[in-house]
Amino acid sequence: MLISPAYAQGIGGAGGADMLTSFLPLILIFVVFYFLLIRPQQKKQKEHKAMLSSVRRGDKIVTAGGLIGTVAKVIGDDELSVEIAEGVKVKVARGMVSTVLSKTEPAKGDDKDEKEEKEEAEEPKKD
């Protein structure tokens, strides 16, 4: 043959730079996916978890099944008693609450909320 194998290999041995330029589009796609999909979804999950933890008696809620009712009693960390009609109460898993339509004032029996209100009242306002 007249063609030498040395010409077919290309110029120089810059394999590291070629590798970086070949992975650069994949890295950019991952960064775009992170900022447009993953990060907003994590933020939404965090807000939903905070909303679920703040559900209390008297709040008007919508369940994942579409039932609209008022929280009659908070049974435990993961269970609520919801009144969907006059005299009709159902137990609902706290995770199945999709939205809180209206919040109520904290009940007088909520020690945690009363403590937070006292702390806020005692703090001097910083202007």
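**Exercise 1. Strand pairing**

Task: which strand pairs with S3 over 4 bridges, and in which sense?

Solution. This is a predicted model, where local features need pLDDT of at least 70, side-chain atom pairs count only at pLDDT 80 or more, and totals for chains, interfaces and linings use all residues. Residues are numbered from 1 along each chain as its sequence is written, and side-chain values use heavy atoms, with hydrogens and water left out.

Step 1. Helices (H or I, at least four residues) and strands (E, at least two) are DSSP runs, numbered from the N terminus. Two strands pair if DSSP finds at least two bridges between them.

Step 2. Read the pair. Strand S2 (residues 68-74) pairs with S3 over 4 bridges, in the antiparallel sense.

Step 3. Turn to strand S4 (residues 88-93). S4 and S3 pair over 6 bridges, again antiparallel. Glutamate 79 stands opposite alanine 93 in S4. S3 and S4 form a hairpin with 2 residues between them. Glycine 87, in the turn, has a positive phi of about 85°.

**Exercise 2. The whole sheet**

Task: what is the order of the 5 strands in the open sheet?

Solution. Step 1. The order is S4-S3-S2-S1-S5, with antiparallel pairing.

Step 1. Find the edges. They are S4 and strand S5 (97-102), and each pairs on one side only.

Step 2. Neighbouring strands are turned by 45° against each other on average, direction ignored. Axes here are lines fitted to C-alpha atoms, for helices over the stretch in contact, and angles run from 0 to 180 degrees between N-to-C directions.

**Exercise 3. Salt bridges**

Task: how many salt bridges are there, and is aspartate 59 buried or exposed?

Solution. Step 1. Apply the rule: a side-chain nitrogen of Lys or Arg within 4 Å of a carboxyl oxygen of Asp or Glu. The count comes to 2 salt bridges.

Step 1. Take aspartate 59 and lysine 103, whose side chains meet at 3.3 Å, N to O. Aspartate 59 sits in the loop between H2 and strand S1 (60-63), lysine 103 in the loop between S5 and helix H3 (111-122), 44 residues apart.

Step 2. Check exposure. Buried means under 20% relative accessible area, exposed over 50%, partly exposed in between (1.4 Å probe, protein chains only). Aspartate 59 has a relative accessible area of 0%, so aspartate 59 is buried. Lysine 103, at 46%, is partly exposed.

Step 3. Take glutamate 79 and lysine 91, which meet at 3.7 Å, N to O. This pair joins strand S3 to strand S4, 12 residues apart. Glutamate 79 is partly exposed at 27%. Lysine 91 has 64% relative accessibility and therefore counts as exposed.

**Exercise 4. The nonpolar core**

Task: which residues make up the largest nonpolar core?

Solution. Step 1. Such a core is a set of buried Ala, Val, Leu, Ile, Met, Phe, Trp, Tyr and Cys residues joined through side-chain atoms within 4.5 Å.

Step 1. List the 9 residues: Met51, Leu52, Val55, Ile61, Val71, Leu80, Val82, Val92 and Val97. Helix H2 (15-53) and strand S3 (79-85) give two or more residues each.

Step 2. Look at isoleucine 61. Beyond four places away in sequence, its contacts (heavy atoms within 4.5 Å) include Val71, Leu80, Val82 and Val97.
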